Amino acid sequence: MSLSAKDKATVRAFWEKIAGKADDIGSDALARMLTVYPQTKTYFSHWKDLSSGSAPVRKHGKVVMDGVADAVSKIDDLKSGLLSLSELHAFQLRVDPANFKILSHCLLVVLATQFPGDFTPEVHISMDKFLAALSLALAEKYR
Amino acid sequence: MVEWTEFERSTIADIFSKLNYDVAGSNALARCLVVYPWTQRYFGKFGNLYNAAAIMGNPMVAAHGTVVLHGLDKAVKNMDDIKATYAELSVLHSEKLHVDPDNFKLLADCLTIVVASQMGSAFTPQVQAALQKFLAVVVSSLGRQYH
């Protein structure tokens, strides 16, 4: 299920529309993940406040979306483009890759709530494929 | 027995009372057929499903979307025993329709996206959690009678 030229064009065009709100999107997605999938809280036991809109959630949402923005710019070769991020997740963070799917789903939900007119089925499929490819590249160095 | 909080019960009732079953049903089913094209395998008799525009405009898809939402309505009205409520529907999907139960989750995710688009900021993380819990119970109940 690799990204076609049309997928890449769709992702780039949609990203341009949403990039201005990236920080908001990231922290909303993270907050949703922690609420809807409580098992993900296990990775953040070092945070004092896990509620929506809290400082650590907002800050980390931005970090995550900066990563997604980077991936959009490297969409033609995600595997090599995200190599160091993959090493970080594999060797230091050791996040179970099943969680990438969970966060991706939460990101899509946020896009639906914030951009209902633009998040058409065609955009949805390309974004879903992109996030899946991103997740795969992120898991590259795990084993 | 699934335990529902007051918040979950009222949230589910509220979401479904505000949904136009025709619109939400057809949008969710069409979106599922576009985003997860392999699900089209169950709709060989539905005519033109060649591209997203054709799927979104297909009247048979729209009609069937309504059927699905009315099926969900049964669960909304029987939240305390969704498993029993869906026993027959589960047998139907297994024995007659031969639907891979993994597909139920795909359609549930598309419905979540459709509800999210409609509700916007009112679709808070807590509301999302309630809807996803409800849909997970529905999905599980639909898969119960597969052997």
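Start at the interface of chain A and chain B, where six residue pairs are in polar contact, both residues at pLDDT 80 or more. A polar contact here is a pair of N or O atoms within 3.5 Å; within protein, one must be able to donate a hydrogen and the other to accept it, and residues adjacent in sequence count only if both atoms are side-chain atoms. This is a predicted model: local features need pLDDT of at least 70, side-chain atom pairs count only at pLDDT 80 or more, and totals for chains, interfaces and linings use all residues. Residues are numbered from 1 along each chain as its sequence is written, chains are lettered from A and ligands numbered from 1 in the order in which they are written, and side-chain values use heavy atoms, with hydrogens and water left out.

**The interface**

α2 (22–36), α6 and α7 of chain A each give two or more residues to the side that touches chain B. α6(A) gives the most, with six residues. By class, this side of chain A has 12 nonpolar, six polar and three charged residues. Ala, Val, Leu, Ile, Met, Phe, Trp, Tyr, Cys and Pro count as nonpolar, Asp, Glu, Lys and Arg as charged, and the others, Gly among them, as polar.

Now show both partners. The contact (heavy atoms within 4.5 Å) takes 21 residues from chain A and 21 residues from chain B. Select A:R32, A:P121 and A:H124. These supply 28% of the area that chain A buries against chain B, more than any other three residues. The area buried between the chains is about 1,700 Å², with 65% from carbon and sulfur atoms. Buried area is the accessible area (1.4 Å probe) that two parts lose on being put together, summed over both.

**Salt bridges**

Look for salt bridges next (a side-chain nitrogen of Lys or Arg within 4 Å of a carboxyl oxygen of Asp or Glu). The count between chain A and chain B is zero. Over all chains it comes to 13. Select A:K129 and A:D7, whose side chains meet at 2.7 Å, N to O. A:K129 sits in helix α7 of chain A and A:D7 in helix α1 of chain A, 122 residues apart.

**The largest pocket**

Move to A:M1, A:K101, A:D128, A:L131 and A:A132. Among the 38 lining residues, these lie nearest the centre of the largest pocket. Its volume is about 1,100 Å³. α4 (78–81), α6 (98–114) and α7 (121–138) of chain A, together with α7 (102–119) of chain B, each supply at least two lining residues. α7(A) gives the most, with 10 residues. The lining divides into 23 nonpolar, five polar and 10 charged residues.

A pocket is an open set of points on a 1 Å grid over the protein atoms alone, with protein on both sides within 12 Å along at least five of seven lines; a cavity is a set where a 1.4 Å probe fits but cannot get out; lining residues have an atom within 4 Å of a point. Points are joined across faces, edges and corners, and a volume is the space filled by probe spheres set on them.

**The cavity**

Finish with A:W15, A:I18, A:M65, A:V68, A:L107, A:L111, A:M127 and A:L131, which line the largest cavity. It holds about 40 Å³ of space.

Note on methods:
Helices (H or I, at least four residues) and strands (E, at least two) are DSSP runs, numbered from the N terminus.
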